Amino acid sequence: MMGGGDVDRLIQLLSRLPGLGPRSARRAALVLLRAPETRLLPLAQAMQAAAHSVRSCHVCGTLDSSDPCSICSDQTRDHGVICVVETVGDLWALERSRLHPGTYQVLGGVLSALSGTGPEDLNTASLMSRVASGEVREVILALGATVEGASTAHWLQDKLAALDVTVTRVGHGVPIGGALDVLDDGTLAAALSARRPAQ
Ligand SMILES: [Zn+2]
């Protein structure tokens, strides 16, 4: 017991967050509890607001408080180019870098026999209908250089082959896919500019 049930529960919940073990969770809880007005309450309110309003965009699959999301509904973006990424974190990384002027498709994973992820688990239905609408010139596959990322890219290429669209893949050997957010902008830029036709 660190100070009553509520305090214990706060620490327990914080310790489940990535990067926070029990020790860091205790430190974070102390920081929050010592400044309820400026730290704890604003955080609690932001979390509650996010829980109520944030949804998956039905077009691209990213998380946003509006649906379609702010990217899909932005008419200044190039809706003729879709960058396919594995996770929302990958999308955020590309957005931070401001390297991609087009839109996105978040798959929500890659094909993996190990984790039991099959084609039906990936968010591809809206990608196919967006491409079939004829407005898309290029689909950039920004998936990982892992075996799963490569086989998912091949599988998507096959699915898209019947449609009139150019399919490209980001530069080979770039360690992306669920890990874009740890790359610096230079590496991201190299990956995007080195994209080539998918074979
Ligand atoms: Zn969207």
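Reply: What follows covers the strands, then the domains, then the cysteines.

This is a predicted model, in which local features need pLDDT of at least 70, side-chain atom pairs count only at pLDDT 80 or more, and totals for chains, interfaces and linings use all residues. Residues are numbered from 1 along each chain as its sequence is written, and side-chain values use heavy atoms, with hydrogens and water left out.

Helices (H or I, at least four residues) and strands (E, at least two) are DSSP runs numbered from the N terminus; two strands pair if DSSP finds at least two bridges between them. Strand β5 (residues 138–141) runs parallel to strand β6 (residues 166–169), with four bridges joining them. L141 has R169 of β6 as its bridge partner. Between β5 and β6 the chain passes through helix α6 (residues 147–160), and this β-α-β crossover is right-handed (with the strands pointing away from the viewer, the path from the first strand over the helix to the second runs clockwise). β6 also pairs with strand β7 (residues 196–197), here in the antiparallel sense over two bridges. In that pairing, R169 is opposite R196 of β7.

The domain assignment, automatic or from a database, gives domain 1 (5–53) and domain 2 (63–197). Their C-alpha centres are 33 Å apart.

With a disulfide taken as a pair of cysteine sulfur atoms within 2.5 Å, the count is zero. C83 is in no disulfide, and the nearest cysteine sulfur, that of C60, lies 11 Å away. C83 counts as buried because its relative accessibility is 0% (buried is under 20% relative accessible area, exposed over 50%, partly exposed in between, with a 1.4 Å probe and protein chains only). C60 is buried too, at 1%.
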